[in-house]
Amino acid sequence: MRKDGKVLLEVKHLSVEFNGFKALTDVNMKIYDGELRVIIGPNGAGKTTFMDLVTGKTTPTSGKILFDGTDITGKQTTEITGRYHIGRKFQGPNVFDNMTVRENIEIAVSGYNSLFKCCFFRKSREYTDKVDEILRKVNLDDYAGFAAGDLSHGQRQWLEIGMVIAQDPKLIILDEPTAGMTAQETYKTGEMIKQMKGEHTLIVVEHDMDFVRQVAEYVTVLNYGKLLAEGTMEEIQNNPEVVAVYLKEDGGGRHV
């Protein structure tokens with residue numbers, strides 16, 4: 001396991017139980033500042049539960065979550081987003097379809113939830129430049145005037161990634177960012193995410209192993225709510241336990 005740099009997120013002995021079902025058991029993990037961490041595992045492995053715990057949607061039964069040196073265990077989602085700057089993109093795109101691409105980004109940058117407030121927000125040159133930069137980052141600068149509802153599914157996913165970036169998060173969590181994308185969109189998403197590494201700390205949860213191979217720097221594997229393995233993509237692909245439970249040919253198209 002890499003031991004260089006500053007630890008941004010650390011979970012210690014993290015466990016959660018729902019009516020006797022152990023969704024996550026004694027998980028220990030460190031995410032370093034500027035790192036791109038990919039989390040994989042079969043359905044029911046605990047990936048969504050882990051994201052819910054870090055973002056405050058779920059409270060752990062035991063254990064601690066430390067973010068940038070502060071204990072955020074059990075804090076509310078709004079505080080984790082607003083005060084500690086952890087941004088999460090869910091699997092399906094969640095954008096304002098009747099507004100333009102630019103307006104969606106503008107609302108995210110300004111921090112307002114209503115179109116009325118956004119319209120009366122004073123748009124400085126710095127503000128406009130930031131919106132333009134985000135549009136370029138997510139490959140939507142040529143679509144700024146399009147209604148979000150007219151974009152392809154993949155482009156709408158990119159738009160939501162842009163809206164997360166606009167909030168200046170210290171940590172970005174992407175839940176299956178390529179779900180429903182074409183092969184070309186998936187590849188472009190991978191290149192986009194790799195460019196974000198370093199400027200942002202990222203946790204990517206994904207099933208598409210070709211995409212994982214494209215972006216992965218360091219991989220964590222969960223299985224039945226427990227941490228099964230961690231390592232580079234090469235180490236994970238050659239780990240017999242990981243191959244047995246996840247990477248083998250299993251009807252889902254995953255293979256080493």
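Predicted model: local features only at pLDDT ≥ 70, side-chain atom pairs only at ≥ 80, totals over all residues.
Four strands form an open sheet in the order β2-β1-β4-β5, with antiparallel pairing. Its edge strands are β2 (21–32) and β5 (70–71), each of which pairs on one side only. Helix α1 (residues 47–54) packs on this sheet and touches β1, β2 and β4 (62–67). The direction of α1 makes about 115° with that of β1. Strands β1 (residues 7–18) and β2 are joined in the antiparallel sense over eight bridges, and V7 stands opposite Y32 in β2. In general, the strands of a sheet pair through backbone hydrogen bonds, either parallel or antiparallel.

Helix α7 comprises 14 residues (residues 183–196). At 1.5 Å a residue, α7 should span 20 Å, and its end C-alpha atoms are 20 Å apart, which agrees. The buried residues of α7 are E185, T186, T189, G190, M192, I193 and M196. Seen down the axis of α7, these residues fall within an arc of 165°, so they line one face of the helix. An α-helix has 3.6 residues a turn, so residues three or four places apart point the same way. On the other side of α7, A183, Q184 and Q195 are exposed. Contacts of the buried residues of α7 are with β3 (36–40), α5 (125–137), α6 (153–165), β7 (171–175), β8 (201–205) and α8 (209–215). Just after α7, G198 takes a positive phi of about 95°.

Strand β3 contains R37. The relative accessibility of R37 is 0%, so R37 counts as buried. A polar atom of the R37 side chain lies 2.7 Å from the backbone oxygen of K30.

Terms used:
Residues numbered from 1 in each chain as written. Heavy atoms only, no water. Helix = DSSP H or I, 4+ residues; strand = E, 2+ residues; numbered from the N terminus. Expected span 1.5 Å × (residues − 1). Buried < 20%, exposed > 50% of the residue type's maximum accessible area, 1.4 Å probe, protein only. Arc of directions from axis to C-beta. Contact = heavy atoms within 4.5 Å. Polar contact = N/O pair within 3.5 Å; in protein donor to acceptor, adjacent residues only side chain to side chain. Pairing = 2+ DSSP bridges. Axes fitted to C-alpha atoms, helices over the stretch in contact; angles between N-to-C directions.
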